[in-house]
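This report goes through a model in parts, beginning with the place where two chains meet. Keep the structure in view while reading.

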2 protein chains.
Amino acid sequence: MAVGGAEDRQRDRLILRRFIELSGGPQARLLLLTAASGDPAGAWEGYRSVFAELGAQRVEPIDFRTAEEANDPAAVQRILDADGVYISGGDQRRLMSVLWESQAARALHLAFHVRGCCIGGTSAGAAALSRQMLAIGEPTLRPYRDAVSLDIGLGLLASAIIDQHFNERHRLGRLLSALALRPDLLGVGIDEDTALVIERGRSIEVLGNGAVTLVDGRQMRSNVREVDPEEPLTLLDVRVHLLPAGTRYEVVDTDPDTPAPPPALRQALELLVRPGPIRG
Amino acid sequence: MAVGGAEDRQRDRLILRRFIELSGGPQARLLLLTAASGDPAGAWEGYRSVFAELGAQRVEPIDFRTAEEANDPAAVQRILDADGVYISGGDQRRLMSVLWESQAARALHLAFHVRGCCIGGTSAGAAALSRQMLAIGEPTLRPYRDAVSLDIGLGLLASAIIDQHFNERHRLGRLLSALALRPDLLGVGIDEDTALVIERGRSIEVLGNGAVTLVDGRQMRSNVREVDPEEPLTLLDVRVHLLPAGTRYEVVDTDPDTPAPPPALRQALELLVRPGPIRG
């Protein structure tokens, strides 16, 4: 579950409610992973009572500040035992600098791939779910090569680049800049208070109050290899799909209640639901 | 020549320079049409010295406040004699409420179609060049049916809907809202200090400091007929082409110096360069 940041914690709390449900309900063992945050105690305080009010009875914080902590066997075991891990916001570079090649990251992979643990992430936590991660990038009116830096994320999604606060912060220019560098990937822009739920290999659903913008550059023709790093890019034949909350598509099965996606969207969704390889 | 507003009048003044050149050079008979503006004298003052500095020797303002003025034979004759007409910014509804079905509008058509008069428009003046005109629309993060009102413009371009100040004012949501209503048209988003030069039936060129975003919804699948007017739209398979300043494409001839556009772009350009029928 990739959340675009600023998910509602006061009103219907639809997204967090669904996270608990997908993790197994009130008795699910949930972890709030705060390693992306500069204030892990504050991040935990911000979620603690909300999870409690939504009926989750077994939620604990887990945090890593150092690589050593991220290899601590007791902490790793807690991840391996979890039914759901929710990664709070902050800075995706902070998160990955601690988790990179750690036992905790391997435990997240094992929990996800082997036990079907539900992994959610909001804002920085969403950005880090994919293998290629948008690490830095100022908003830009028009895409150019040096607008973004890519780095390595957790790799739970194989073929997406996720950007968050998408329409609110006008990030299409930066996502297109990233896709110019990696046109083989699918750009996924998630609005605030909006979640993209990916059931691996099977379906996607959009929840909340905004939309998910899929930007497919696989047919794109660009001049990214020919221009200066600050020069505005020519990008031809970018395919865009705008999926507001309420959207649901089956990629594999044909549930008679959900409409079949048109071919261009279906190809994009097949890429989106593809999990990364296990790094166990 | 459709200009996205805020064209440079102080530094290289590339866009206005090109307008003079396309109209025939220093001796061309130029008119600054200020009917979109609430302050026509101010609008004229803002351009007068710039045109003079760029060497244009025969520039005059022309203005219409009422339908009567827009049918005045002397004024109409001035349009028929012009080599270039530049329509200043303001409000496209004001412009069209005066020009609608007027002799002045017919004269613009005759000058353009018969004598090859160069018609330019900036901001509101650009919006009014097409037949379907984006009349009103607040910026919107996500497209919905009632985000925009369409009205009738001058009709010099048959198959486009132009929006201006495009990336600066984050208007993709409103242009997509318009295309949901009219998916047969080509959305044209023009940035500030950027001009799209259309040589009818033949070529396009982008000048200035920004980009032109072409949004082609002809393959799009949308739910615009099924949802409430305020409900966020699902838009699938929108094709986008981003053309920064410096772009030039021939649509008909194959100039060996300019690259051939890829097929999806070529189809969009064929639509873009199509002039409207003469209303003489």
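## Polar contacts and salt bridges between the chains

In this predicted model, 11 residue pairs are in polar contact across the interface of chain A and chain B, both residues of each pair being at pLDDT 80 or more. Two elements of chain A, β14 (235-244) and α8 (263-272), each supply at least two residues of the side that touches chain B. The largest share of that side comes from β14(A), with 10 residues. Sorted by class, the side of chain A that touches chain B has 18 nonpolar, seven polar and six charged residues.

Between chain A and chain B there are four salt bridges. One of them pairs A:E168 with B:R142, where the closest N and O atoms are 3.6 Å apart.

## Extent of the interface

How many residues does each chain bring to the contact? Chain A gives 31 residues and chain B gives 31 residues. Together the two chains bury about 2500 Å² between them, and carbon and sulfur atoms give 60% of this area. Of the area that chain A buries against chain B, 23% is supplied by A:L141, A:R142 and A:L242, which is more than any other three residues supply.

## Strand β11 in chain A

Strand β11 of chain A covers residues 203-208, and five of its six residues are buried. On one hand, β11(A) pairs with strand β10 (residues 194-199) of chain A in the antiparallel sense, over six bridges. Within this pairing, A:L196 stands opposite A:V206. β10(A) and β11(A) form a hairpin, with three residues between the two strands. A:G201 lies in the turn and has a positive phi of about 75°.

β11(A) is also joined to strand β15 (residues 248-250) of chain A. These two strands run antiparallel, with three bridges between them. Here A:S203 stands opposite A:E250.

## The open sheet of chain B

In chain B, eight strands form an open sheet with mixed pairing, in the order β3-β2-β4-β5-β1-β10-β11-β15. Which strands stand at the edges? They are β3 (58-62) and β15 (248-250) of chain B; each has a single partner strand, so one side of each is left without a neighbour in the sheet.

Further in, strand β1 (residues 2-3) of chain B pairs with strand β10 (residues 194-199) of chain B. The pairing is antiparallel and has two bridges. B:V3 has B:A195 in β10(B) as its bridge partner. In general, the side chains of a regular strand alternate between the two faces of the sheet.

## Residue B:T122

B:T122 belongs to strand β5 (residues 118-122) of chain B. Is this residue buried or exposed? The relative accessible area of B:T122 is 3%, and the cut-off for buried is under 20%, so B:T122 counts as buried.

Leaving out residues up to four places away in sequence, B:T122 touches several others, including B:V3, B:Y47, B:Y86 and B:I87. B:E7 is also among the residues touched. The side chains of B:T122 and B:E7 make a polar contact at 2.7 Å.

Conventions: Residues are numbered from 1 along each chain as its sequence is written. Chains are lettered from A and ligands numbered from 1 in the order in which they are written. This is a predicted model: local features need pLDDT of at least 70, side-chain atom pairs count only at pLDDT 80 or more; totals for chains, interfaces and linings use all residues. Side-chain values use heavy atoms; hydrogens and water are left out. Buried means under 20% relative accessible area, exposed over 50%, partly exposed in between (1.4 Å probe, protein chains only). Helices (H or I, at least four residues) and strands (E, at least two) are DSSP runs, numbered from the N terminus. Two strands pair if DSSP finds at least two bridges between them. Contact means heavy atoms within 4.5 Å. Buried area is the accessible area (1.4 Å probe) that two parts lose on being put together, summed over both. A salt bridge is a side-chain nitrogen of Lys or Arg within 4 Å of a carboxyl oxygen of Asp or Glu. A polar contact is a pair of N or O atoms within 3.5 Å; within protein, one must be able to donate a hydrogen and the other to accept it, and residues adjacent in sequence count only if both atoms are side-chain atoms. Ala, Val, Leu, Ile, Met, Phe, Trp, Tyr, Cys and Pro count as nonpolar, Asp, Glu, Lys and Arg as charged, and the others, Gly among them, as polar.
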